[in-house]
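Please read them with the coordinates open.

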Amino acid sequence: MITNTKASFIYKTIYLVIGFIGLFLATEIYTGTFNDGFFVYYTNLSNLVAFSLMAYLWFIEYQILKGKPNTFKYPSVRFVITIMILVTLIIYNTLLGNILDPTYWRVRNVIMHLFGPMMVVIDFLLFNPKNNLKWRVILESLILPYLYVIVTLIIGLFTNSYPYFFLDVNNIGYGGVLGWVFILTLGFLVLSLALVSYNKFLLKNRK
């Protein structure tokens, strides 16, 4: 853990610039229209939520640097969002993306699926206060992903379209979707357990 507020502020500033570019490209506003599927994909939503969190943390640290004491009072929220974006990083780069495909290295794709998520996770590892989490956040980390799955399946009933193969009822059925949800749930729980353990134990004797 690094307690240097200035270092954290600079790091978040760099992320916000990079993250903004990724989100701007993802909206496709530069083409003169808005990407109709922007809010359909977990990648876009997780990056948008993570960007909002980092912007808020940046503002708090800006006030601190200006001599105005402030603190982030919702460590569980920071944790849940970190897990959310970490899953984007892992799922895309293991199940969906292909680093050997030249299109993988497009600016938008690299920011939204690699650099952006990595920077958010690293920020948590480096700058999040030690031992400020409770074990229940492991279960809380499932709330947003489950909500996304439920909403996606409901929308799919009307559009008959699904953003990811593991949620595509047309191809794998509801049983297949439940199977994937179970597998992904285990992944969420393992990642959450690892990060909470890091926060509670690995940082215990560090200043």
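1. Helix 1 and helix 4. In this predicted model, helix 1 spans residues 5-27 and helix 4 spans residues 107-127. Their axes come within 9 Å and cross at roughly 155 degrees. An angle over 145 degrees counts as roughly antiparallel, so helix 1 is roughly antiparallel to helix 4. The crossing of helix 1 past helix 4 is left-handed. Sorted by class, the residues of this contact are 17 nonpolar, 4 polar and 3 charged.

2. Asparagine 4. This residue sits in the segment before helix 1. Asparagine 4 and phenylalanine 127 are separated by 123 residues in sequence, yet their C-alpha atoms are 8.2 Å apart in space. Phenylalanine 127 belongs to helix 4. With a relative accessible area of 42%, asparagine 4 is partly exposed.

3. Helix 1 and helix 2. Helix 2 covers residues 42-65. The axes of helix 1 and helix 2 come within 9 Å, with a crossing angle of roughly 150 degrees. Here too the handedness can be stated: helix 1 passes helix 2 in a left-handed crossing. The contact of helix 1 with helix 2 is made up of 16 nonpolar, 6 polar and 3 charged residues.

4. Phenylalanine 51. This residue is part of helix 2. Setting aside neighbours within four places in sequence, phenylalanine 51 is in contact with Tyr15, Leu16, Gly19, Phe20 and Leu23. Its relative accessible area is 18%, and the cut-off for buried is under 20%, so phenylalanine 51 counts as buried. Glycine 173 is 122 residues from phenylalanine 51 in sequence, and the two C-alpha atoms lie 34 Å apart.

5. Glutamate 28. The loop between helix 1 and helix 2 holds glutamate 28. Most residues other than glycine have a negative phi. Glutamate 28 is not a glycine, but has a positive phi of about 60 degrees. Its relative accessibility is 25%, so glutamate 28 counts as partly exposed.

6. Asparagine 160. A positive phi of about 60 degrees is also found at asparagine 160, again not a glycine. Asparagine 160 lies in the loop between helix 6 (143-159) and helix 7 (169-202). Readers checking backbone angles may want to look at this residue together with glutamate 28, given the positive phi at asparagine 160 and at glutamate 28.

7. Helix 3 and helix 4. Helix 3 runs over residues 75-96, and its axis comes within 9 Å of that of helix 4. The axes cross at roughly 140 degrees, which makes helix 3 oblique to helix 4. Helix 3 passes helix 4 in a left-handed crossing. On the helix 3 side, the residues in contact are Arg78, Phe79, Thr82, Ile85, Leu86, Thr88, Leu89, Tyr92 and Asn93. The residues they meet in helix 4 include Met112, His113, Pro117, Val121 and Phe124. By class, the contact of helix 3 with helix 4 has 13 nonpolar, 5 polar and 2 charged residues.

8. Isoleucine 90. Isoleucine 90 and aspartate 101 are 11 residues apart in sequence, and their C-alpha atoms are 17 Å apart.

9. Tyrosine 42. This residue belongs to helix 2. Is tyrosine 42 buried or exposed? At 10% relative accessibility, tyrosine 42 counts as buried. Leaving out residues up to four places away in sequence, tyrosine 42 touches Met84, Val87, Thr88, Pro145, Tyr148, Tyr164 and Phe188. Of these, Thr88 is also listed in the contact of helix 3 with helix 4. Tyrosine 42 and lysine 68 are 26 residues apart in sequence and 36 Å apart in space, C-alpha to C-alpha.

10. Aromatic residues. How many aromatic pairs does a search of the whole structure find? The search gives 22. One aromatic cluster is formed by Tyr41, Tyr164, Phe165, Phe166 and Trp180. Tyr164, a member of that cluster, is also one of the residues that tyrosine 42 touches.

Note on methods:
Residues numbered from 1 in each chain as written. Predicted model: local features only at pLDDT ≥ 70, side-chain atom pairs only at ≥ 80, totals over all residues. Heavy atoms only, no water. Axes fitted to C-alpha atoms, helices over the stretch in contact; angles between N-to-C directions. Helix = DSSP H or I, 4+ residues; strand = E, 2+ residues; numbered from the N terminus. Parallel < 35°, antiparallel > 145°, perpendicular 65-115°, else oblique. Left-handed = near helix turned anticlockwise from the far one by under 90°. Nonpolar A, V, L, I, M, F, W, Y, C, P; charged D, E, K, R; others polar. Phe/Tyr/Trp six-rings, centres within 6.5 Å; stacked < 30°, edge-to-face > 60°. Buried < 20%, exposed > 50% of the residue type's maximum accessible area, 1.4 Å probe, protein only. Contact = heavy atoms within 4.5 Å.
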